[in-house]
Amino acid sequence: MLGEDSDRQARGTADVVARRSYGKLLAFLAASSRDVTAAEDALAEAFAAALTQWPQRGCPSNPEAWLVTVARRKIIDAARRRRRGEQATVELASIAEQLASVAAAGEIPDRRLALLFAAAHPAVEPGIRAPLLLQTVLGFDARMIASAFLTSPDAMAKRLVRAKSKIKQAGIAFAVPDRDELPGRLDAVLAAIYAAFTEGWTDPAGIDVARRDFTQEALFLAQLVAELMPNEPEALGLLSLMLHAEARRPARRSAAGEFVPLSEQDTKAWDANMINVAEALLQRASTRRAFGRYQLEAAVQSAHVHRCRTGENNWAHVISLYDALLAICTSPVLRLNRSVAVAETLGPVAALAEIEMLAADRRMAEYQPYWAARAELLGKTGAYREARQCYDMAIGLEHDGAVRRFLQRRQAALPS
Amino acid sequence: MQYLLMIYAEQGAWEKLTPAAQQQGMAAYNAFTEALRKSGALAGSNRLRPTSTATTVRIADGKSQVLDGPYADTKEQLAGYYLIDVADLDAALAWAARCPGASHGIVEVRPVWSMPE
C-alpha cells in the first residue's frame, strides 16, 4: 500500500513540475548546451529517472534542481560519447561549468525568452516557428501539434527535428538580440505566438482540448514576453489583442452551441475584467508612441467593444485604423475586414467594389470569410442568386459545424 | 564557430562597371576585409576568377572526366568567400550584411563542419 501511495505521490509531483516548469527547465538546458534535441532527450530521461527513484527515496525538496542535475549529467555524458579531441573538452567544460553554477545556486534562471528568440530566428523556416515554440517552451508533443496544424505527425516531427538541427548546427544563439536588431526579431517571436493563439482560436467552443490549450498557452507566452519586455509596445499590443479576443469567447456561442456574430453578442457575457486589462495594456503601449500592427489590431478590437457596449457608431474610426494597418502591411485579410467597415458607413455597393479588388487574389478563393462577406453584401444589394452561390462557397470551405450552420441559416433567410 | 560567407554575384557585372565604380567597389571590399581582420574574426578570404576559367572533375566508370565550365550554369555564380570565426550565427549574419557582396549580390552563410560527430 505504501509503495502505491509513494508511487502516486511521485507521479503527482513529476506531473506538477512537468506542467509548471517544463519550458523553463528545457530552456535552461537548451540554452546552456546550445542543443535543443539533446536537452529534450536529457530532460525526458531525467523525468523517467524521477518516476523510478522518487517512489523509493521520496520526492526531493527541490524537484526542479534535482531534474536539472540529472539532465545535466545526461547531456554531458551524451556529448562525451559523441565528441573527442581538445576542442570538445574545452566546450564540455564550459557546458558543465554553466550547468553546475546553477545547480549550486539551486535557482534555475529563466531562459525561456532566449529559447523563444532561438526558435523564432529568421534562419528558421517561418512555418515551423510556432510549432517549435509549442513543443519546446510548452512541451506539446508532435502528434498534438500536427493535428492542430493539419499535417501528419510524421511530417511535423520531421520538420521539428530539422529545425532543431538547424539551430544547433548553424550556431543560432540562445539570446535576446541587441537593441538595434530587436524590432525585426521580436516581430517573428510575436508572430509565432499569435499563430499558436489563432490555431487554438479556430475551435472557439473549446471542444478540442488540444486546441483550447494552445490558446491558453499562447496567452501565457504573450504574458511572459510582455512581462520580460515591459517596454516593448508591440509585445503589449499583442497581449492586448489576444485578451480582447479571449474576453469575448463566452459570447461567441449560444447556449445551444450555435455561432453568434459579434454584432449580436451579449456584451454582458464578455469577460469585463479581461477587457479592462486589455485596454490598460493598449493604453500603456500607446504612451511609447511606436505604433505597430498588433497595437492597431488591438485598437480595432477596442473600438468593436466600445461600439457594441454603447451603440455609438464608430465605423469611421475603424476604417481609419485599417488604413493605418494597411500602410504597414498589405494583407488581403485586412482589406476584407476593412470592407466590412466600409459597408457599415458607405453601404454594400461601395464595400462590394472594394472586395472586387480581392477577387483576383488566389488566396481568397479558399478563404471562407471572403465568400461569407461577399454573400452578405450581395444579399443586401438584392442580388440574391449570386449571394446564394457565394454562401455555397463559404459553407463548403468552413470546418466548424456551428459556423457552417450559421451560414446556412443566413442563406436560407435570403428572399427567393 | 567558423562560418563561410559565400558571395554569389552576377557574372560579367563587374566588367560592365565604370573604372571609377570598380575602384569604389574594390575600396569597399578592402575596408570590409580590414574591419574583419581588426576584429580578429578573419580566418581566410579570396576572390575567385570568373567561371569561364572553371573546370569540373568527376570520376565516372573509374575514369576521371574533366569538363570545361562551372558545376551549375546559373546567372549568379560564386565570386569569392570569407572564412570567419565568430560566436554565433547572428554575429556571422551581421558580418554578411556588412559585406559589399550583400549589396551587389547574395551572401550565403554556412557553418563549417568542424567537430567530429
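Predicted model: local features only at pLDDT ≥ 70, side-chain atom pairs only at ≥ 80, totals over all residues.
**View 1. Strands S2 and S5 of chain B are joined as an antiparallel pair.** Five bridges link S2(B) with S5(B), which covers residues 76–85. Helix H2 of chain B, made of residues 19–39, packs on the sheet and touches both S2 and S5. The direction of this helix makes about 160 degrees with that of S2(B).

**View 2. An open sheet of four strands is found in chain B.** The order of the strands is S2-S5-S1-S6, and their pairing is antiparallel. Strand S2 (42–47) and strand S6 (106–111) stand at the edges; each has a single partner strand, so one side of each is left without a neighbour in the sheet. From one strand to the next, the twist averages 20 degrees. As a general point, side chains in a regular strand alternate between the two faces of the sheet.

**View 3. Helix H3 of chain B packs on the sheet.** This helix, residues 89–98, touches strand S1 (2–10), S5 and S6 of chain B. Its direction makes about 160 degrees with that of S6(B). The loop between S5 and H3 of chain B contains B:Ala87. Is B:Ala87 buried or exposed? The number of C-beta neighbours inside 10 Å is 12, and B:Ala87 therefore counts as exposed, since a residue with 12 or fewer is placed in that class. Between B:Ala87 and B:Pro111 the C-alpha to C-alpha distance is 11 Å, although the two residues are 24 apart in sequence.

**View 4. Strands S3 and S4 of chain B form a hairpin.** S3(B), residues 55–60, and S4(B), residues 63–68, run antiparallel and are joined by six bridges. B:Thr55 stands opposite B:Asp68 of S4(B). Two residues lie between the strands of this hairpin, in which B:Asp61 takes a positive phi near 50 degrees. Why is S3(B) described as lying largely in the open? Of its six residues, the number buried is zero, so the strand lies largely in the open.

View 5. Chain B has four helices and six strands. Along the sequence they follow the pattern β-α-α-β-β-β-β-α-α-β. The C-alpha trace spans about 50 × 50 × 20 Å along its principal axes. Of the 117 residues of the chain, 19% count as buried. Among the contacts in chain B with a separation of 6 or more, 75% are made by residues 24 or more positions apart.

**View 6. Helices H2 and H3 of chain A cross each other.** Helix H2(A) comprises residues 36–57 and helix H3(A) residues 63–82; their axes come within 8 Å and cross at roughly 130 degrees. H2(A) and H3(A) are therefore oblique to each other, and their crossing is right-handed. H2(A) contributes several residues to the contact, including A:Ala42, A:Leu43, A:Glu45 and A:Phe47. Among the residues that H3(A) contributes are A:Leu67, A:Val70, A:Lys74 and A:Ile75. The residues of this contact comprise 13 nonpolar, no polar and two charged.

Note on methods
Residues numbered from 1 in each chain as written. Chains lettered and ligands numbered in written order. Axes fitted to C-alpha atoms, helices over the stretch in contact; angles between N-to-C directions. Parallel < 35°, antiparallel > 145°, perpendicular 65-115°, else oblique. Left-handed = near helix turned anticlockwise from the far one by under 90°. Contact = placed C-beta atoms within 7 Å. Nonpolar A, V, L, I, M, F, W, Y, C, P; charged D, E, K, R; others polar. Buried ≥ 20, exposed ≤ 12 C-beta atoms within 10 Å, placed from the backbone. Pairing = 2+ DSSP bridges.
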